[in-house]
Amino acid sequence: MEGQSKELPEECWEIVFKHLIQPGHWRSVSLACRQFLHISNRVRPSLRIATSFGISGGLPRILRRFQGLQEIDLHGFRGNLAQTIFDIARSGLQLKVLCLQGQQALPLEAIAELGKSCKNLRSLNCSKFHSLEDKDLCAIGEAFPYLEELDISSPELGFRPPQFLFTALDASHYPGMITDLGIEALATQLHNLKVINISGNYFVSDRSILALSSGCMHLKELIVSDCPFISDRGLQIAASQCLELASLAVNGTRVSSFGIRSFLVAANNLQYLDLSLLTISGELLLSMGELQLPWKSLILAGCKGVTAAGILGLARACPLLAHLNLEGAHCLTDEIMEVLAQSLPNITYLCLNYCSLLTDSSFFCLLKDCHHLEELEMESTGLGWGTSRMASDQECCNLKSLKIPWNKPVGDVTLRCIGTLCPRLVSLDVSNCLLVTENGLKAISKGCPDLRKLCLKGCRKVMSLGIDEGFRNLEHLQVEGSGFTDSGLIAVGKCCRHLLGIDLEGCSRITDSGLKKIMEDCRELSQINLKNCKCVNLEALAWMVFYRPSLRKLVPPSSCVSEGQKALLLRHGCKVQTLQLQ
């Protein structure tokens, strides 16, 4: 073997890099060496574009660099959208996914040009548009006839039509809105459509359901939330003609319990159902279980009329159920949860927000009996009562994400139990749990070594993470409105070397000194929110951007940043914005 190269072939590195997900991971790889830079440029699958490019060559040069792109995200893009789409169309890329969410209007000529070059586009997101009309849907259908997924939901109209208009279908006084005519034209062109979301389009009716059911024979997912003219008749049409339908969301419609029952009898392949905010009965839940459909996801958030007997009966009849949302189910108690936990052997996600009668007893029952549970949400419950008595003989669980904000009794005792019982935790949210202090966070740092996201918003007693070592893998830290100080920030810099984003909004004790230290120590930091940090000087912003080239998004302490300063920092790769970081 002497003299043989020990380097892996580039093909092997390509396979490895294709498993990267987070944008920060791509950045780290590209900075490692010239070979990794070339390979990552070639295989990177997705790109987020937030603003126009002021550099020489602009977007075309960026697109030539990443020839393997299959997905481009223009969500919230601020710039010349038409020119940007023209650039994408002329780049030679064969995109499969394009997100245009949150734009003002659809540039029809640019879309037509893109349709000629990107024959393989399969998914298009045009949600939250300020203006999207029937003619735009016709243009989409003509440009992308092989589209499989389309999202035209939640138009940003700036108003909600008066409730009395929902008694008669008349969109003539509201231009710039989608109607049945647009959906009908779309359905005649997109025969391969499998997923469509038309939620929040107030003037579509059962006619649209008929058109989609007739023209899109392979429809698998239909989302029509907040469409007040969708009724039981629309469900009957979908059940009789969409034979492959597996997912349905009808919250905010005129659908009744009788209509849902009739639909479920005919929908043999349904696996995902969203009935949020509808009035349903315990009898309907029991009948849903009796139908023996292969349920995998049920969303019953805010449903009126739900009973404990109905929930238990449904759970017992659906052993494959993996995703369950029972937000606001006030009928649930600790005694009921003890039985329910044993009836959910395959549950991976469970939401119990605002179930105010649930305490630690329910929490520990879930950890003990739901062995596949990975995500749990218990906002504004009774969590925090009796923790010390419940944790003595508890075994560790597989929980990866835990959200328990706005639980007044939650404090350090609860965090110590979480640190002991949830060693695989990746994300923890204890926002506005006012009894949490550094002592509880020490237990989290020791017991949850894989933690990557920690949210401590409003935890006023928290001035630091409580340690100088630990939280080695933390990538996102939110301490908005907490008592965080410079010393706490310096400690974060020492122990969280892989930090990607930090939210310091409203932390009035933070100064330039603490920021300088974290900029020196956290070499991968890309996002920072300094809104209302009154002791931070605006002069420090330029130094931060120049010193830490990885910085991409920055929210300044105040809005007193000139357009010239924003342009200067943008040329160095950092966007200054007044909105809170995501």
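**Notebook: a helix crossing, a cavity and the overall fold**

I started with helices α4 and α5, whose crossing is right-handed. The model I am reading is predicted.

Next I looked up the geometry of this pair. Helix α4 covers residues 58-65 and helix α5 covers residues 81-89. Their axes come within 9 Å. They cross at roughly 35 degrees.

I then listed the residues that make the contact. Helix α4 supplies L59, P60 and L63. Helix α5 supplies T84, D87 and I88. Sorted by class, I count four nonpolar residues, one polar and one charged in the contact of α4 with α5.

Rolling a probe the size of a water molecule over the atoms shows where empty space is left. How many cavities of 30 Å³ or more does the structure hold? I found one. The largest cavity has a volume of about 50 Å³.

I noted what lines the largest cavity. The residues are L300, I311, L314, A315, L321, L324, L326 and L340. By class, this lining has eight nonpolar residues, no polar and no charged ones. Which helix gives the largest share of the lining? I traced that share, three residues, to helix α13, residues 308-317.

Last, I checked the whole chain. I logged 22 helices and 21 strands. The C-alpha atoms fill a box of roughly 65 × 65 × 65 Å along the principal axes. I compared the radius of gyration with the globule rule. For 582 residues, a compact globule would have a radius near 25 Å. The chain has 26 Å, so the radius of gyration agrees with a compact globule.

Definitions and conventions:
Residues numbered from 1 in each chain as written. Predicted model: local features only at pLDDT ≥ 70, side-chain atom pairs only at ≥ 80, totals over all residues. Heavy atoms only, no water. Axes fitted to C-alpha atoms, helices over the stretch in contact; angles between N-to-C directions. Helix = DSSP H or I, 4+ residues; strand = E, 2+ residues; numbered from the N terminus. Left-handed = near helix turned anticlockwise from the far one by under 90°. Contact = heavy atoms within 4.5 Å. Nonpolar A, V, L, I, M, F, W, Y, C, P; charged D, E, K, R; others polar. 1 Å grid on protein atoms, 1.4 Å probe; cavity = no way out; pocket = protein on both sides within 12 Å on 5 of 7 lines; lining within 4 Å. Points joined across faces, edges and corners; volume = space filled by probe spheres on them. Rg over C-alpha atoms; globule rule 2.2 N^0.38 Å.
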